[in-house]
Number of protein chains: 8
Amino acid sequence: MGTHDILLKVKNGDISIDEAEQYLRRQPFEEMGYAKLDTHRKIRSGFPEVIFCSGKTDDHLLNIFGKLYEIDGEVLGTRATINQYELIKERYKEAKYDKVSRIIKIEKEGKKKVGKVVVCTAGTADIPVAEEAAQTAEYFGSYVERIYDVGVSGIHRLLSKLDVIQSANCIIAVAGMEGAIASVIGGLVDKPVIAVPTSVGYGASMNGLAALLTMINSCANGIAVVNIDNGYGAGYMATQINRLGVKQ
Amino acid sequence: MGTHDILLKVKNGDISIDEAEQYLRRQPFEEMGYAKLDTHRKIRSGFPEVIFCSGKTDDHLLNIFGKLYEIDGEVLGTRATINQYELIKERYKEAKYDKVSRIIKIEKEGKKKVGKVVVCTAGTADIPVAEEAAQTAEYFGSYVERIYDVGVSGIHRLLSKLDVIQSANCIIAVAGMEGAIASVIGGLVDKPVIAVPTSVGYGASMNGLAALLTMINSCANGIAVVNIDNGYGAGYMATQINRLGVKQ
Amino acid sequence: MGTHDILLKVKNGDISIDEAEQYLRRQPFEEMGYAKLDTHRKIRSGFPEVIFCSGKTDDHLLNIFGKLYEIDGEVLGTRATINQYELIKERYKEAKYDKVSRIIKIEKEGKKKVGKVVVCTAGTADIPVAEEAAQTAEYFGSYVERIYDVGVSGIHRLLSKLDVIQSANCIIAVAGMEGAIASVIGGLVDKPVIAVPTSVGYGASMNGLAALLTMINSCANGIAVVNIDNGYGAGYMATQINRLGVKQ
Amino acid sequence: MGTHDILLKVKNGDISIDEAEQYLRRQPFEEMGYAKLDTHRKIRSGFPEVIFCSGKTDDHLLNIFGKLYEIDGEVLGTRATINQYELIKERYKEAKYDKVSRIIKIEKEGKKKVGKVVVCTAGTADIPVAEEAAQTAEYFGSYVERIYDVGVSGIHRLLSKLDVIQSANCIIAVAGMEGAIASVIGGLVDKPVIAVPTSVGYGASMNGLAALLTMINSCANGIAVVNIDNGYGAGYMATQINRLGVKQ
Amino acid sequence: MGTHDILLKVKNGDISIDEAEQYLRRQPFEEMGYAKLDTHRKIRSGFPEVIFCSGKTDDHLLNIFGKLYEIDGEVLGTRATINQYELIKERYKEAKYDKVSRIIKIEKEGKKKVGKVVVCTAGTADIPVAEEAAQTAEYFGSYVERIYDVGVSGIHRLLSKLDVIQSANCIIAVAGMEGAIASVIGGLVDKPVIAVPTSVGYGASMNGLAALLTMINSCANGIAVVNIDNGYGAGYMATQINRLGVKQ
Amino acid sequence: MGTHDILLKVKNGDISIDEAEQYLRRQPFEEMGYAKLDTHRKIRSGFPEVIFCSGKTDDHLLNIFGKLYEIDGEVLGTRATINQYELIKERYKEAKYDKVSRIIKIEKEGKKKVGKVVVCTAGTADIPVAEEAAQTAEYFGSYVERIYDVGVSGIHRLLSKLDVIQSANCIIAVAGMEGAIASVIGGLVDKPVIAVPTSVGYGASMNGLAALLTMINSCANGIAVVNIDNGYGAGYMATQINRLGVKQ
Amino acid sequence: MGTHDILLKVKNGDISIDEAEQYLRRQPFEEMGYAKLDTHRKIRSGFPEVIFCSGKTDDHLLNIFGKLYEIDGEVLGTRATINQYELIKERYKEAKYDKVSRIIKIEKEGKKKVGKVVVCTAGTADIPVAEEAAQTAEYFGSYVERIYDVGVSGIHRLLSKLDVIQSANCIIAVAGMEGAIASVIGGLVDKPVIAVPTSVGYGASMNGLAALLTMINSCANGIAVVNIDNGYGAGYMATQINRLGVKQ
Amino acid sequence: MGTHDILLKVKNGDISIDEAEQYLRRQPFEEMGYAKLDTHRKIRSGFPEVIFCSGKTDDHLLNIFGKLYEIDGEVLGTRATINQYELIKERYKEAKYDKVSRIIKIEKEGKKKVGKVVVCTAGTADIPVAEEAAQTAEYFGSYVERIYDVGVSGIHRLLSKLDVIQSANCIIAVAGMEGAIASVIGGLVDKPVIAVPTSVGYGASMNGLAALLTMINSCANGIAVVNIDNGYGAGYMATQINRLGVKQ
């Protein structure tokens with residue numbers, strides 16, 4: 001029952017002011033004891049809450065999944081294991097799982113995908129993070145194009161896709177190792193670039209810290225950086241930007 | 001003389017094809033020996049080139065400044081010393097200097113400021129970086145509102161400005177020390193937040209690295225981070241985002 | 001047999017001075033070959049010794065557990081595995097184990113819990129550390145209230161609990177990722193805040209170092225920090241502070 | 001206007017449902033309005049605001065100083081230069097400056113100092129930070145005893161002062177280099193120890209980071225750590241703790 | 001062929017100037033020929049070669065073990081797994097294994113242990129490293145006394161053993177976590193202290209780096225540091241020092 | 001379509017100015033079209049593509065392997081597991097696997113090995129990385145000599161091999177722990193030294209970062225460094241250098 | 001007096017064998033009390049010794065400069081201040097100074113420059129380091145071409161110079177900030193690339209460490225890295241490689 | 001008052017049980033009373049106190065200097081500025097200053113120097129730290145030989161001094177940059193090597209941290225490390241070791 005419904009009932013005398021207050025006080029978040037689902041979030045941000053599955057106990061996962069499904073009619077869970085998927089699957093037959101991105105979801109059908117977000121990766125090993133970004137953006141309603149394995153060690157691969165890249169409202173650049181792709185893209189477009197360092201690499205890559213530093217120190221303009229392997233965060237922010245480019 | 005003008009002259013037979021080729025070949029960058037001004041940039045990105053004054057010799061600064069003024073009719077220089085300003089001032093009387101942001105500029109009059117970018121700081125010591133961001137965004141045509149000194153140690157100060165913050169197309173959150181303000185704002189808005197760590201602090205702040213890490217690890221969504229003290233970069237990207245929210 | 005008892009017996013002539021010296025000489029610590037139990041600690045600090053179970057061999061654990069049980073009539077063991085619990089359980093039927101905090105204990109009944117310590121977490125993943133803190137404080141006689149999952153990305157969740165938080169003698173703020181919650185709480189209360197960074201997070205969280213740096217650099221007053229995941233240490237110090245607020 | 005009032009007006013048709021929704025959307029935060037919280041904070045904490053002078057412009061410093069003097073009748077400024085003192089001195093003859101701690105203040109006479117805080121340093125070079133802590137605590141009404149130059153390389157110096165140290169409500173342990181003193185004190189007392197790493201040292205001390213790590217990893221209980229050289233923060237928190245030990 | 005010989009041959013015309021140049025070009029190094037230096041080293045150091053077993057293949061381990069046994073009649077292997085022991089045991093019945101230190105050895109009987117090395121640990125978890133140090137020193141002929149679990153959080157335990165510690169030619173101080181014990185011992189003795197940081201700890205101990213930094217920054221004199229967990233290196237150097245105190 | 005053609009068409013009215021601008025905007029990049037550059041690269045470098053097997057799925061590995069085999073008639077795969085080898089082996093009987101270097105390959109027979117590359121290691125544990133380097137260089141046609149276990153703790157071992165080392169066109173120095181061997185070799189030869197830090201070591205070696213720093217800070221000339229454990233990269237670059245020494 | 005001369009005199013009986021030994025013993029280095037000039041170096045490496053002027057006292061600098069001038073008839077000094085130049089200039093009128101690279105030198109006339117080394121920079125601020133590299137390579141006899149200010153944020157600038165870059169025997173890539181240029185060049189050439197990170201940048205560039213990490217983690221082949229700002233080292237190694245490409 | 005006396009008084013009723021408890025609580029420490037330990041230390045160590053002049057105020061310096069002169073008849077001050085020397089000189093005409101080591105001292109005449117300590121440096125820039133070590137050791141009565149500028153980039157310089165190095169009781173190896181000299185010396189001698197990293201270097205030397213890591217990770221035995229630039233600490237410990245080799 002949303003705010004509007006409550007107010008309507010108050011107006012119509014269907015519920016007392018005290019009852020309404022009761023609802024509204026609880027409304028900003030749903031107390032589950034161990035967790036406080038931020039159900040007020042959609043009002044504030046226009047984005048439904050999403051489940052970070054990694055490390056959740058089976059009970060917690062099932063309860064939160066169920067609650068969100070009930071509220072939104074669809075659910076997105078990131079960093080899910082195959083076991084967690086099977087757990088969910090048993091109760092919710094319509095749940096789908098993508099092995100690459102490790103995303104589990106139930107999605108409303110016929111959702112419209114608008115605008116354009118382009119997701120680029122430097123190598124093939126960066127694809128899992130890129131897919132988390134791409135599928136998140138798609139879940140939130142963005143139209144996404146993928147351009148994978150176009151790292152700077154063969155710059156012509158990237159250049160040959162320039163027209164697609166330049167047509168996006170927002171570009172997500174995903175790279176591990178030295179992470180140079182974000183700077184090159186940043187120099188070629190007039191739209192914001194969200195750089196996602198990945199933990200791909202070895203030795204002095206320090207699990208992605210080197211790529212993060214490369215991206216933060218980029219000499220190109222219009223680049224900002226999210227946490228290592230944070231595909232979800234990039235997909236979320238890209239959607240915020242993409243919506244601005246579409247809305248009016 | 002822009003690409004359009006050249007093509008027009010070719011069409012009209014005002015210049016020969018050879019002369020036109022001559023122009024176009026030089027167009028992607030202006031070779032100055034020690035530097036290659038990226039004059040093609042405006043075509044690619046819609047943003048004129050800007051001067052990072054710090055460490056430039058007097059000769060270089062004057063020449064680059066003059067060249068850009070000639071091309072664009074206005075110039076923005078960041079991280080300028082008062083001495084550099086006096087040098088420029090002597091030749092270009094219309095140059096203005098802002099001590100806080102250390103920006104030197106000649107700006108076309110009557111420029112329209114559109115959309116809305118909000119720049120927040122945690123403390124007063126973060127204002128120089130914030131002003132670099134705000135004035136950069138304004139130079140590039142964004143309408144900017146400033147909300148300074150609303151750090152998380154007195155959260156009510158920030159909350160009392162929520163309506164303004166929530167009305168922006170993009171929020172720039174500037175903070176040193178522990179840099180927590182970006183997360184709090186991120187949790188309250190539905191637009192992208194560009195987080196700018198500053199070198200404000202002492203001890204374990206490690207000249208801004210602590211704030212950078214805080215912001216990169218933010219538990220809120222819709223936040224991406226630029227380099228420490230990089231107000232210019234934040235203002236640039238905020239304008240890219242703001243234009244998306246305005247253009248159509 | 002405590003110091004007081006020995007002296008009483010000396011006074012009453014129940015034991016000889018030589019026998020008493022014998023006891024007292026051994027009192028500052030109990031030599032176990034591989035370990036020196038600090039039995040003098042309770043005199044100095046008012047806190048009985050506690051077992052850090054992690055990595056202890058079965059023999060050592062059993063012996064130390066037994067010794068402390070003999071001396072104090074109750075025992076607290078932290079970071080215990082389920083296997084260690086089963087080992088203890090076999091000999092001491094009254095031992096209890098909590099899976100979340102990984103605490104094993106035998107506790108005297110009817111212990112009075114005084115004053116108030118509030119334990120807050122930013123997320124649900126921080127709860128194991130928070131429970132180690134809370135149960136440690138309770139074992140040492142503090143009354144504890146838990147407020148979990150109130151991180152800064154949804155600041156209203158924290159604000160809705162302000163009255164409880166403000167009523168404590170000491171607040172323990174537990175958070176991983178960016179760890180901003182400690183600063184926000186520090187700005188809202190007049191009592192000391194003990195900040196506990198956790199290893200929750202990924203990428204640039206560097207197993208809790210980022211949260212530790214955030215907390216150490218807090219712009220709020222009245223905050224001090226313990227080691228990453230050190231719930232026990234926070235519960236101990238909170239009890240020291242809580243006792244000051246209760247004692248007189 | 002509270003929730004109840006809004007609902008009443010909806011019920012009575014005084015405002016539309018849309019207007020009511022407008023109000024309710026911001027309510028989780030707006031009930032924390034600026035003025036209200038501010039007053040509440042003043043009443044609650046009993047700590048007047050303090051000036052961090054470092055880097056303040058002359059104008060800002062004078063204005064803030066004047067404002068606080070007007071409100072509280074006394075002022076404390078930390079990290080002040082001798083020049084800043086002379087600036088203040090010119091207008092406020094009663095201002096005093098302490099070269100060691102770099103504190104500038106005007107203090108009400110006859111202030112009562114209660115409880116006991118002990119401030120220890122490892123070496124003589126740590127005294128400036130210790131004095132910032134001690135004078136801050138005194139300004140806030142704590143009785144302070146100083147025990148300086150009792151580092152662990154001559155442990156007998158510390159042990160000879162044990163009775164004083166054990167009589168405090170809170171101990172502040174200030175040390176650079178290897179910072180081991182906090183652990184030794186922590187093992188000898190039953191009250192909380194606030195550890196302050198200092199930037200004293202050279203080479204691998206990394207301006208205090210080594211001492212910070214030592215203190216955070218302390219094997220003793222009842223120790224928490226503040227930022228490097230943060231004497232003010234330690235004096236503030238020690239006063240919070242000391243007040244608990246005194247108040248009732 | 002030495003320089004003198006070459007020159008003589010040149011003088012006598014036995015070799016050409018070109019040939020002589022050939023010889024002389026390599027002479028600064030070649031006079032350090034393999035066999036010669038090797039013999040020299042054996043005579044000089046009196047330390048037989050030792051096997052670092054970790055990561056050795058079965059074949060390599062068996063061959064090296066056999067070779068050394070043949071030459072020296074005894075062998076010491078460090079960081080050996082139980083499996084490696086069983087492998088050796090099968091061929092060399094007299095091999096012994098110590099689970100705590102993970103040392104495997106065949107030792108000549110009736111070896112004299114001279115001088116005195118004292119090995120101290122802060123906690124019980126440091127004992128494996130300490131035993132590697134102690135048994136290495138014993139294998140090389142040092143008399144060793146062990147004083148374990150005397151960390152600074154209960155300083156009386158260490159002080160009660162002062163007479164033993166002060167009677168050594170060299171003290172090895174083994175500690176993880178904050179590693180403060182080395183400084184305290186350094187301040188109490190007139191002999192060199194070899195500090196061994198261990199990887200014992202969690203969180204900000206960073207696998208021993210914090211303890212290493214503490215020890216390197218020690219404010220006490222006469223302390224030098226070896227690598228984290230390097231018990232063998234400490235036992236080796238302690239023996240070098242101990243021999244100096246015994247030999248004459 | 002070149003610039004000249006476009007201008008001609010503009011002049012002739014065959015295309016509009018707008019269309020021409022469209023072309024020109026992308027021209028600085030599009031002349032680097034995919035196919036052209038690619039062919040150019042093959043002809044130019046003479047290095048066939050190589051497979052980094054680590055983390056590849058079975059399908060991907062098999063497909064890429066097959067494709068390259070088809071094109072080049074031989075394939076080199078690095079960082080392959082034994083399972084990956086068995087997978088390949090099943091389809092390509094002629095595939096060979098080397099357990100030490102973890103290289104899987106099919107190599108044309110009778111390949112000529114020219115010039116000379118010397119690969120040195122400090123210890124035996126560095127050999128896997130050294131073999132990756134050596135076999136890569138051999139696969140690319142370099143003649144390679146191996147000099148293993150000549151670390152600086154027994155400098156005579158290295159010196160006794162000086163003539164071989166000094167006869168190479170390029171020396172690869174492979175070392176973990178303190179990595180000093182690169183500097184010593186650098187001081188003894190007149191050819192470039194490629195230093196490869198390895199993750200061999202423990203404690204403060206930080207998985208090779210210490211060796212990397214040693215090598216980067218070398219006081220000898222003619223040394224450059226590749227990533228930790230990057231034997232492949234060293235073998236590749238050594239071949240580039242070796243070819244220069246051979247070609248003419 | 002070289003080795004050949006000495007041997008000739010021995011053969012001719014002009015000097016005794018003892019005198020000859022005296023010479024030869026001293027020959028590998030010239031003992032100057034405070035320094036040991038490595039005059040044997042030229043035999044070993046084919047490169048004369050060079051002076052690192054930074055921090056040398058006036059006396060030391062003059063003496064070493066004089067000695068090397070005497071031996072080689074030319075001298076190269078790096079990192080020289082203008083004052084050091086004036087000091088040298090007074091005694092050696094023919095000394096030249098370059099303000100940008102801070103190189104002081106006396107160079108033999110008519111020196112032949114062979115082969116080709118290309119030195120690229122990402123920005124204009126990297127030029128001082130690039131010039132140190134270029135002028136060092138020239139001093140050692142390499143023909144050098146400079147391509148400055150071709151960083152990846154405007155990739156077309158670099159691509160327009162591809163033919164020159166591809167014609168070199170060795171490329172030196174000089175860059176601060178994110179240092180991505182090395183990877184891009186590495187992907188475009190078949191010759192070795194020496195990457196020189198510079199301390200150009202601010203904030204998270206950490207004085208060049210970020211660029212160093214980028215370059216070490218390069219996904220392109222044929223790249224190795226020297227120390228931050230080490231133009232001299234890059235010029236030296238590039239000459240070694242260039243000589244290989246020329247010599248035969 | 002010993003334990004026996006206390007118990008006797010309890011038995012006799014001369015003191016209450018409470019009073020007795022009071023005594024006993026402090027007893028484990030109080031037997032280490034100030035005066036007793038102090039005297040004991042003086043007798044034991046034979047090392048007079050030394051002044052670390054850096055940062056001392058003029059007053060403090062003069063007073064401490066005077067006090068120590070009075071007690072010992074000689075004084076050693078390290079890290080003294082020339083101004084501090086002039087201050088001392090005015091009052092104590094016999095004070096001497098060494099610009100290189102920055103040591104100020106008054107030394108008794110005819111002091112005997114015994115045993116042998118050898119101090120080696122890698123370069124000339126390490127000499128100031130080496131001289132602090134050498135002169136400290138000499139002041140404490142060690143005979144010292146200096147071997148400077150024998151770094152590993154010209155290993156023959158070091159090898160030519162092997163006989164002197166091998167004749168010492170203890171070797172101090174001083175080096176910045178990559179610090180490899182300690183490992184090479186460690187492999188050539190049978191006596192302990194104290195490694196002193198220096199802050200000499202630039203870029204990735206990180207003010208000596210790289211050298212420290214090299215030395216701590218040394219693959220040679222018998223090496224331990226002191227803080228960066230800590231010549232004094234090395235000279236002190238070397239004297240402790242040297243005395244062991246001399247005393248009997």
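## Basis

This is a predicted model, in which local features need pLDDT of at least 70, side-chain atom pairs count only at pLDDT 80 or more, and totals for chains, interfaces and linings use all residues. Residues are numbered from 1 along each chain as its sequence is written, chains are lettered from A and ligands numbered from 1 in the order in which they are written, and side-chain values use heavy atoms, without hydrogens and water.

## Strand 8 of chain H

Strand 8 (residues 193-197) of chain H has five of its five residues buried (under 20% relative accessible area, 1.4 Å probe, protein chains only). Strands here are DSSP E runs of at least two residues, and helices are H or I runs of at least four, numbered from the N terminus. In a regular strand the side chains alternate between the two faces of the sheet. Val193(H), Ala195(H) and Pro197(H) lie on one side, Ile194(H) and Val196(H) on the other.

Strand 8 of chain H pairs in the parallel sense with strand 7 (residues 170-175) of chain H over five bridges; pairing needs at least two DSSP bridges. Ala173(H) stands opposite Ala195(H). Three bridges join strand 8 of chain H to strand 9 (residues 223-225) of chain H, also parallel, and here Ala195(H) faces Val225(H).

## Ser142 of chain D

Ser142(D), in strand 6 (residues 142-147) of chain D, is buried, with a relative accessible area of 1%. The side chains of Ser142(D) and Thr239(D) form a polar contact of 3.3 Å (N or O atoms within 3.5 Å, one able to donate a hydrogen and the other to accept it; residues adjacent in sequence count only if both atoms are side-chain atoms).

Terms used
Buried means under 20% relative accessible area, exposed over 50%, partly exposed in between (1.4 Å probe, protein chains only).
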